[in-house]
Amino acid sequence: CITVMKPVFLTGVTGTGKTVVVQNLCSSLAPMPYEDPNGMGLLPVFVNFSAQTSSLITQNTIEQKLEKKRKNLLGAPAGRKCLIFVDDVNMPLVETYGAQP
């Protein structure tokens, strides 16, 4: 799916190794093709959510990996492709008194 530039939603029960598989894949594809024939020049960005994660934290996590292309345009460095991996999309339900552990 990475080579055809399509989004992927990987789901499964807790503890099956989904995160490890994706992290290993991203690290193997991170080198540039001229450094490693199997590399794709990926720039992985790992985003983990928790009850304390705000939109500003999420934005900063993504933007710090990108470079400024124009005044109001950010992108991956030249020759690279950015892959954003969002881990742990599920959030606990808000309790009666507003707590979200």
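The model is predicted, so local features are given only where pLDDT is at least 70 and side-chain atom pairs only at pLDDT 80 or more, while totals for chains, interfaces and linings use all residues. Residues are numbered from 1 along each chain as its sequence is written, and side-chain values use heavy atoms, with hydrogens and water left out.

**The whole chain**

Begin by displaying the chain as a cartoon. The chain has two helices and four strands, in the order α-β-α-β-β-β from the N terminus. These elements are DSSP runs numbered from the N terminus: helices are H or I, at least four residues, and strands are E, at least two. Of the 101 residues, 18% count as buried. Buried means under 20% relative accessible area, exposed means over 50%, and partly exposed lies in between (1.4 Å probe, protein chains only). Among contacts between residues at least 6 apart in sequence, 41% join residues at least 24 apart; a contact here means heavy atoms within 4.5 Å.

**Helix α1**

Next, select residues 18-29, which form helix α1. This helix has twelve residues and reaches 17 Å from its first C-alpha to its last, close to the 16 Å expected at 1.5 Å a residue. The expected span is 1.5 Å times one less than the number of residues. Within α1, colour V22, C26 and L29, which are its buried residues. They lie on the same side of α1, because they cover an arc of only 70° around the axis. The arc is that of the directions from the helix axis to the C-beta atoms. The buried residues of α1 pack against β1 (42-48) and β4 (81-87).

**The largest pocket**

Now show V8, L10, V22, F85 and V86, which lie nearest the centre of the largest pocket among its 31 lining residues. The volume of the pocket is about 990 Å³. On a 1 Å grid over the protein atoms alone, a pocket is an open set of points with protein on both sides within 12 Å along at least five of seven lines, and lining residues have an atom within 4 Å of a point. Grid points are joined across faces, edges and corners, and the volume is the space filled by probe spheres set on the points.

**From the loop into α2**

Move to T53, in the loop between β1 and α2 (55-63). T53 is partly exposed, with a relative accessible area of 22%. Leaving aside its neighbours within four places in sequence, T53 is in contact with N48 and T58. Then select I57 in helix α2, which is partly exposed at 45% relative accessibility. The C-alpha atoms of I57 and V47 are separated by 9.5 Å, although the two residues are ten apart along the chain.

Finally, select strand β2 (residues 67-70), where K68 has its place. K68 is exposed, with a relative accessible area of 60%. Beyond its neighbours within four places in sequence, K68 is in contact with L73 and L74. Display the side chains of E67 and K69 as well, which meet in a salt bridge (3.5 Å, N to O). A search of the whole structure finds one salt bridge, defined as a side-chain nitrogen of Lys or Arg within 4 Å of a carboxyl oxygen of Asp or Glu. Side chains of opposite charge can pair when their charged atoms come close. E67 is partly exposed at 34% relative accessible area, and K69 is partly exposed at 38%.

Note on methods. On a 1 Å grid over the protein atoms alone, a cavity is a set of points where a 1.4 Å probe fits but cannot get out, and a pocket is an open set with protein on both sides within 12 Å along at least five of seven lines; lining residues have an atom within 4 Å of a point.
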